[in-house]
Amino acid sequence: IYEDDFDTPLGGVKVTILDRNIQTETTEQGTYALREVPPGKYTVVFQKVGYVRRLKYDVVVAPGQLTDL
């Protein structure tokens, strides 16, 4: 995840899959991984104090595959 105005990595962003209560936080390099997510279609929320909350809808997680956002 990158900061829009300066195009720099953004650490400390809370990444949550709604309805599953699966969450993690980005590293200082702006990377994250959500593990053991069951297959399905989800809404993912990205939020950090001082920034506008973003949602990504209809994220499909397929069995045995990585999902890039």
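**Strand pairing around β3**

In this predicted model, residue K14 has Q47 as its bridge partner in β5. That bridge belongs to an antiparallel pairing of β3 with strand β5, residues 40-47, which extends over 4 bridges.

β3, residues 14-17, also pairs with strand β4, residues 22-25. These two strands run antiparallel and are joined by 4 bridges. K14 takes part here as well: its bridge partner in β4 is E25. K14 therefore has a bridge partner in β4 and another in β5, given that strands count as paired when at least two bridges are found between them.

The hairpin of β3 and β4 has 4 residues between the strands. Within this hairpin, D19 adopts a positive phi near 70°.

I22 is located in strand β4. Its relative accessibility is 18%, so I22 counts as buried, the cut-off for that class being under 20%. Leaving aside residues up to four places away in sequence, I22 touches V15, T16 and I17, and also L34, E36, V37 and P38. T8 is 14 residues from I22 along the chain, and the C-alpha atoms of the two are separated by 26 Å.

L55 counts as partly exposed because its relative accessibility is 31%.

Note on methods: Residues are numbered from 1 along each chain as its sequence is written. This is a predicted model: local features need pLDDT of at least 70, side-chain atom pairs count only at pLDDT 80 or more; totals for chains, interfaces and linings use all residues. Side-chain values use heavy atoms; hydrogens and water are left out. Buried means under 20% relative accessible area, exposed over 50%, partly exposed in between (1.4 Å probe, protein chains only). Contact means heavy atoms within 4.5 Å.
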